[in-house]
Amino acid sequence: MIHVHHLEKSRSHRILWLLEALELDYELVVYQRDEKTQHAPASLKKIHPLGKSPVITDGDLTVAESGAIIDYLLQRYGQGRLQPAQEDIHAWVDYRYWLHYAEGSLMPLLVMQLVFGQIPKQSPWLIKPLAKGISDTMSKRFFAPQIKQHLSVINECLSAHGNFAGPWPSGADIQMSFPLQAVAATQSLEKYPAIAAFVSRIEQDTAWQRVVARAGPLTMPGQ
């Protein structure tokens, strides 16, 4: 039996979405963040030493990292579903690109933006104005332009194809779901209609709706 070690306000909703899309049986093991620190509980480290989520166990196997989990589940249980055939080399390369791009390129920017945005809130009152100035400058000069460039590329891809690669929802679509849902939760997508349509398509997907019914709605750190 597959067990999904699911931490609230984490990226593990997309693993649940994949399991629901594949119609696989699984057990959900839920962990709550510390109210003050927002850190995962120590009990999660018993599953994986980094104490991060998502992580799954399948028999005597433990698999961490979203991309690795998606690869594992599709290779072992997918039976060719939710990914392009290797014979379609262009679609297969696009699939691999977006599968790794989500965590390799886009999420680091979003996480850094979140961290810098929290600095003024966590600073002593005496230096709050200085901390806010640093945070605002980093956002204006670095994060906002970089994220805008990424979103423009993503929107162009989705405008042309509707999703990232292969049949809906492909493993790449599932991997890209969290960062784009995070963007949708923090800013307007008026300038990125194809991304808005993609996020809406996730919410309307019957497998995703089963995830929400079982694990609750997706919430983001800081919410």
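Rings of Phe, Tyr and Trp, the latter taken by its six-membered ring, count as a pair if their centres lie within 6.5 Å. In this predicted model, Trp17, Tyr97, Trp98, Tyr101, Phe164, Trp168, Phe198 and Trp208 form one aromatic cluster. The structure holds nine aromatic pairs.

One of these pairs joins Trp98 and Tyr101, whose ring centres are 5.0 Å apart with 80 degrees between the planes. Planes over 60 degrees apart count as edge-to-face, and the pair of Trp98 and Tyr101 is accordingly edge-to-face. Both residues belong to helix 3, which spans residues 89–122, and they are three residues apart, about one turn of the helix. Trp98 and Tyr101 are both buried.

Trp98 also pairs with Phe164: the ring centres are 4.8 Å apart and the planes meet at 50 degrees, so this pair is tilted. Phe164 is buried, as is Trp98.

Trp168, a member of the aromatic cluster, has Arg201 over its face, at 4.1 Å from the ring centre. A further arrangement involves Arg214, whose charged end sits over the ring of Tyr26, 4.0 Å from the centre of that ring.

Key:
Residues are numbered from 1 along each chain as its sequence is written. This is a predicted model: local features need pLDDT of at least 70, side-chain atom pairs count only at pLDDT 80 or more; totals for chains, interfaces and linings use all residues. Side-chain values use heavy atoms; hydrogens and water are left out. Rings of Phe, Tyr and Trp (its six-membered ring) pair if their centres lie within 6.5 Å; planes under 30 degrees apart count as stacked, over 60 as edge-to-face and the rest as tilted. Helices (H or I, at least four residues) and strands (E, at least two) are DSSP runs, numbered from the N terminus. Buried means under 20% relative accessible area, exposed over 50%, partly exposed in between (1.4 Å probe, protein chains only). A charge sits over a ring if NZ of Lys or CZ of Arg is within 6 Å of the ring centre and within 35 degrees of the ring normal.
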